[in-house]
Amino acid sequence: MMSNQENSRLDIMADELESIKGNMAEMKAMLKDVYTLLAGNPIDKDSNGLISEFKEVKKQLSDVKAELKKYKSYFYALVTLVGLGALKVITEFIIKK
């Protein structure tokens, strides 16, 4: 037979196990919520989740970078043309003197 002290210890251990079970259930629910936030709700087809939105933003950012690169090339060409024009004006001015 078990003594009262052993029964008390077993009751305490059982209470701790129940507490751990409750905490695990809460963690499982939180993980499910985080997954739904990241991946989107599988039931709602309009819900893309943060991962999909991140991929869209990343694609848009790469498109903007490509546009900036194109305009940078145009800017350098314009600066070169202006520089050549200024050089021509300066050389003509020097030749006239």
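Asp63 is partly exposed, with a relative accessible area of 40%. In this predicted model, the side chain of Asp63 meets that of Lys59 in a salt bridge, 3.4 Å from N to O. Lys59 is exposed, at a relative accessible area of 53%. Because Asp63 and Lys59 are 4 residues apart in helix α2, about one helical turn separates them.

**Salt bridges**
- The structure holds 3 salt bridges.
- Side chains of opposite charge can pair when their charged atoms come close.
- Glu67 and Lys70 join their side chains in a salt bridge of 3.7 Å, N to O.
- These two residues, Glu67 and Lys70, are 3 residues apart in helix α2, so they are separated by about one helical turn.
- Glu67 is partly exposed at 36% relative accessibility, and Lys70 is partly exposed with a relative accessible area of 35%.
- In a salt bridge between Glu18 and Lys21, the closest N and O atoms are 3.6 Å apart.
- Glu18 and Lys21 are 3 residues apart in helix α1, which means about one helical turn lies between them.
- Both Glu18 and Lys21 are exposed.

**Helices**
- Helix α2 covers residues 49–96, and it packs against α1 at an angle of about 25°, with the axes 2 Å apart.
- The two helices, α1 and α2, are therefore roughly parallel to each other.
- Leu37, Leu38 and Ala39 of α1 make the contact with Gly49, Leu50 and Ile51 of α2.
- The C-alpha atoms of Leu68 and Ser8 are separated by 73 Å, and the two residues are 60 apart along the chain.

**Surface**
- Leu17, Ile20, Met24, Met27 and Met30 make a nonpolar surface patch of about 530 Å².
- Ile20 lies in helix α1, residues 4–39, and is partly exposed at 48% relative accessible area.
- Leu68 lies in helix α2 and is exposed, with a relative accessible area of 55%.

Key: Residues numbered from 1 in each chain as written. Predicted model: local features only at pLDDT ≥ 70, side-chain atom pairs only at ≥ 80, totals over all residues. Heavy atoms only, no water. Patch = residues over 30% accessible without salt bridge, like charges linked within 9 Å, V, L, I, M, F, W, Y side chains within 5 Å. Areas by Shrake-Rupley, 256 points an atom, 1.4 Å probe, with all protein chains shown as cover. Salt bridge = Lys/Arg side-chain N within 4 Å of Asp/Glu carboxyl O. Buried < 20%, exposed > 50% of the residue type's maximum accessible area, 1.4 Å probe, protein only. Axes fitted to C-alpha atoms, helices over the stretch in contact; angles between N-to-C directions. Parallel < 35°, antiparallel > 145°, perpendicular 65-115°, else oblique. Contact = heavy atoms within 4.5 Å.
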